[in-house]
Amino acid sequence: MATLWPFISQMNPDASTIAAGAPIEVDLAPIAEGQDIKVFWRGKPIYIMNRTKKQIDEARSVPVSSLPDPQSDQARVKEGHDQWLVVIGICTHLGCIPIAHEGNYDGFFCPCHGSQYDSSGRIRQGPAPANLAVPPYQFVSASKIQIG
Amino acid sequence: MSGPSDYQPTNPTLRWIERRLPIMGLMHSSFVAYPTPRNLNYWWTFGAILSMMLGVMILSGVILAMHYTPEATMAFRSVESIVRDVNYGWLLRNMHASGASMFFLAVYIHMFRGLYYGSYKEPREILWILGVIIYLLMMATGFLGYTLPWGQMSFWGATVITNLFSAIPYFGESIVTLLWGGYSVGNPTLNRFFSLHYLLPFVIVGVVVLHVWALHVAGQNNPAGVEAKTEKDTVAFTPYATIKDLFGSCCFLILFAWFIFYMPNYLMEADNYIPANPGVTPAHIVPEWYYLPFYAMLRSIPNKLAGVVVMFSSILILAFLPWLDTAKTKSCKYRPLAKQFFWMFVVVGVLLGWLGGKPPEGIYVIASRILTFCYFAYFLIVLPLLSRIEKPRPVPNSIADDVLAKTGSRSAPMVSTVIMLAVAGALFAGSAQNARAEEEMVPPSQQWSFSGPFGKYDRGALQRGLKVYKEVCSACHSLSYIAFRNIADPGGPGYSEAQAAAFASDYKIKDGPNDQGEMFERPGRPADYFPSPFPNEQAARVANGGALPPDLSLITKARSYERGFPRFVFDFFTQFQEQGPNYVDAILQGFEEKPPAGVTIPEGSYYNKYFPGHAIKMPKPLSDGQVTFDDGSPATVAQYAKDVTTFLMWTAEPHMEARKRLGLQVLVFLILFTGLMYFTKKKVWADAH
């Protein structure tokens, strides 16, 4: 077994890949209200959206129990930074990349098979089984986050 | 059947070798003296055809690997360089790419033949299981190879398929990371896929040797499904089977050549001519046609893990076939019920394949579920049940009797024909419905000088198109796979080398660093590539309202539209493959000042009749009188569009004329040779019937 391990282990991400996958810092200052940016972390697209008041209200007014994957908007953002939505932009259906600010819920729309996510990145309609994942991140200052 | 050979070479040197390594005796007993049933039909030539295809794939693959670069930023370009710059590179690439499809076509026929004639039954169980292993290895090899060109479909196909493993409970995510060698599909993934894609064909060769060995121990099955008993039942492998296999292979090669030389992109996805982009997913992720039935089964199951299990079971279940179907009669020829269910199973397989290419919505999902059930029912319910209740018709006493009797029921082909027609009708109805919905979007089919088997580029159009590109398109669009030297290439715009050099010297090319360590600009040389209008993607996006003007080198192959059933079947025979040019031409002429009532176009976008979604970021690029032609051609948008599209077809397929010319020679030769083979075969078999 021990002899086999090096032959299996070598397939895992190598040191440089792990290093490149280290946390990244993103400055939020240039993102105006109602805008979003897409950054790449570990080869995955991360949407950072500066939500409008309307978007936040929409996300919070819907009864949580009526959702396919029940989760409150508060649980998906950081307290005190309610306008910032940070989600991994990979559709939970078959891994496509949804388009921001499209669809019927003011959130994301996946062009592959028509899954629609709301302004909290929660699945509302279509074949996807789960909400858009929230990556590990924290605020290092009022206008800067660290992803990872 | 193949005992120790009594073969003795007459040449003393060969005899010397033979005493030490009896390899010639082995070959002689396996491929010369080896007795084959005398009633084999042409479905049995597919074994030889598959061996030939394996050889073709390994040969072309090893050569391609000499020119290919398995690195994420260079892989796509290296494939383009093979096609454009390597001598006969286009031939080798087409051979390998369509060869994969041909290989699978042959293997499916080979498998259905085994299914129909009960070739998996005692004493050929191991032989059959080895075949299933070869099929699994082929699927893995095909998938790995499809990743290597690193186009959009390669990348996203690899993403979806590797993600299947994430369905495994507990270890799923770690296994996927292990497969990727990173946190997403990337350069490490490409590297290992290349390594494995090179390895697996040789593993296949190994298993094929075992497969043939097992075949030569058990002996071949035959259409009658009775074992050979006496000398009268068999003929020697050489010349009888050899010549028949040769004839079969030649026929198959004609089909293969048709694809290589005339329809190289017929089975390819247009999206794979767009370099891999981890930030954008193609609208439809579709695997190669030979995986579609299994893809349909995967998607029909709402639970991710269950879907993956069902998909893998659908293949593994084949390995258990010898124990699921316990009927004593082998051949479906003598099993009236099994025969009908067999044809239904074929139809189920084809329909699943069709559904695999459809979006997983509404009626398609329901249909896939029903057919997935039918697929498994055939193995788990129908076959075990039939072996208990079916009353087979009497089988002939011996193969010799079968050959003499020459009987055949005429009713069963009728049944299968009716089923096939019903299916075709259903498909037709479905597609007609689709066609109606998409009517307004489909670009009109234009007359192109380069279409058809004798198509050639119109030199004047290429030269005018180059002028339109240079004066208009090049402001935003790069053409980075084309070098200035290419415009003097045979089969191109027909400029002389001096003209190409003069053309190049009009451009300023950034070069360096010089001895002082600084970058500098110099006049272009023929070996330089067309410079890009923007230094990088971000600059291009900023200048174009956030949209990236695509590189135009491959645009006429990277854009397409659905032709729908049954038109795509006719396209195969008429060699229609001008969807790309039709689309590009239509886009250039499809701008309208005002969108029709009820259509709103976002700020900064323009209405275009043929652009998917109608809102295009490119403003109307061409207007009448914008470019003046020296040869007096009309300075109209229609003329510009036509010329620049012709030019862009040439940039996408620079060796098209050479391809079609060589194709004609190869086909004429193959047809003559096949004819000769046919008469040789008739002569050889004259005394055996």
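Where is the place of Gly43(A)? In this predicted model, where local features need pLDDT of at least 70, side-chain atom pairs count only at pLDDT 80 or more, and totals for chains, interfaces and linings use all residues, Gly43(A) sits in the loop between strand S2 (36-41) and strand S3 (44-50) of chain A. Residues are numbered from 1 along each chain as its sequence is written, while chains are lettered from A and ligands numbered from 1 in the order in which they are written.

Gly43(A) is partly exposed because 16 other C-beta atoms lie within 10 Å (20 or more would be buried, 12 or fewer exposed, with C-beta atoms placed from the backbone). Gly21(A) is 22 residues away in sequence, yet the two C-alpha atoms are 8.3 Å apart. Setting aside neighbours within four places in sequence, Gly43(A) is in contact with Gly182(B), Tyr183(B), Ser184(B), Gly186(B) and Pro278(B); contact means C-beta atoms, placed from the backbone, within 7 Å.

As for the two chains, 20 residues of chain B are in contact with 18 residues of chain A. On the chain B side, helix H7 (152-163) and helix H8 (172-180) are the elements that give two or more residues, and H7(B) gives the most, with 3. Helices here are DSSP runs of H or I, at least four residues, and strands are runs of E, at least two, numbered from the N terminus.

Within chain B, the axes of helix H3 (residues 46-67) and helix H5 (residues 89-116) come within 9 Å and cross at roughly 150° (axes are lines fitted to C-alpha atoms over the stretch in contact, with angles from 0 to 180 degrees between N-to-C directions). H3(B) is therefore roughly antiparallel to H5(B), a label for angles over 145 degrees.

Technical notes
Parallel < 35°, antiparallel > 145°, perpendicular 65-115°, else oblique.
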